[in-house]
Amino acid sequence: MKRNLVLLFMAAVVTLNAQKGVILEQKMTAKNLPGKTISVTWFSH
Amino acid sequence: MQFPEAKGVSHFIPDLKAGMLYTYNDGPTPDGVKKSFFAASLDKIQSSNETAVSRIVVKQTGETKDIGGFKCEKIIASTSKGDTEMWVTKDFKPEFYKYEAFFKSNWEMMALREERIKGLPLSSVTKDAAGNVLNAYEFVSITSTDISETEFSVPAAYSQY
């Protein structure tokens, strides 16, 4: 029970700190990291 | 920013206020080896001779197209060594350009900073003066979601190398 409460608290804190953002995936097609997919995480504002 | 390596994923976290770039790989480490991250100040980030230029000319063409549900404008950055053609969305307004110092001699970032364009390039092709492609990336996906502040810090389990 105590552990569940702690987890709930942690989830609430994470939610409060979360902001709208985007995760953009792009595939490199030239000599810089060819064929690799990079991921860019960014807040929307 | 992150990209996959042979083992694990490499993460790059620019810290604008501190003027530092933090990098780490989340792959497995040999027994007895601690997980570590690297920290580099902005002056340690090298520029590429291939694309190092002092001046850039930016043309916001007004031409638009939809990429992944986002409206993008074609922006051309011209330099003495070649040019970059990129499709930039302004559907959301990240001040991505402020991070130009972390991307030395990157024409996309130079162009965004030059015009103070709040947006994000979703695809881009950079060619040298002879028309050879120097670097390029194409759009795969974009997801709007809630993102925690912790995404932008090195996990506590890592110590500085």
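These questions and answers walk through strands, rings and charges in a predicted model. Local features need pLDDT of at least 70 and side-chain atom pairs count only at pLDDT 80 or more, while totals for chains, interfaces and linings use all residues. Residues are numbered from 1 along each chain as its sequence is written, chains are lettered from A and ligands numbered from 1 in the order in which they are written, and side-chain values use heavy atoms, with hydrogens and water left out.

User: In what order do the elements of chain A run from the N terminus on?
Analyst: Helices (H or I, at least four residues) and strands (E, at least two) are DSSP runs, numbered from the N terminus. Chain A has one helix and two strands. From the N terminus on, the order is α-β-β.

User: What percentage of the residues in chain A is buried?
Analyst: Buried means under 20% relative accessible area, exposed means over 50%, and partly exposed is in between (1.4 Å probe, protein chains only). Chain A has 45 residues. The buried share is 27%.

User: Which residue takes a positive phi in the hairpin of E1(B) and E2(B)?
Analyst: Two strands pair if DSSP finds at least two bridges between them. Strand E1 (residues 2-4) and strand E2 (residues 9-15) of chain B pair in the antiparallel sense over three bridges. B:Pro4 stands opposite B:Val9 in E2(B). Four residues lie between the strands, and the one with a positive phi near 80° is B:Gly8.

User: Which residue takes a positive phi in the hairpin of E2(B) and E3(B)?
Analyst: E2(B) and E3(B) pair in the antiparallel sense over six bridges. B:Pro14 has B:Leu21 in E3(B) as its bridge partner. This hairpin has four residues between the strands, and the positive phi, near 65°, belongs to B:Gly19.

User: What kind of aromatic pair do B:Tyr22 and B:Phe37 form?
Analyst: Rings of Phe, Tyr and Trp (its six-membered ring) pair if their centres lie within 6.5 Å; planes under 30 degrees apart count as stacked, over 60 as edge-to-face and the rest as tilted. By this rule there are five aromatic pairs over all chains. The rings of B:Tyr22 and B:Phe37 have centres 6.0 Å apart and planes at 70°, so the pair is edge-to-face.

User: How many residues apart in sequence are the parts tied together by B:Tyr24 and B:Tyr158?
Analyst: Their ring centres are 4.8 Å apart and their planes lie at 55°, so this pair is tilted. B:Tyr24 is buried at 10% relative accessible area, and B:Tyr158 is buried at 10%. B:Tyr24 lies in strand E3 of chain B and B:Tyr158 in the loop between strand E9 (133-147) and E10 of chain B, so the separation is 134 residues.

User: Is B:Glu100 buried or exposed?
Analyst: The side chains of B:Glu100 and B:Arg113 meet in a salt bridge (3.0 Å, N to O). B:Glu100 lies in the loop between E7 and H1 of chain B and B:Arg113 in helix H1 of chain B. B:Arg113 is partly exposed at 28%. B:Glu100 has 17% relative accessibility, so this residue counts as buried.

Notes
Salt bridge = Lys/Arg side-chain N within 4 Å of Asp/Glu carboxyl O.
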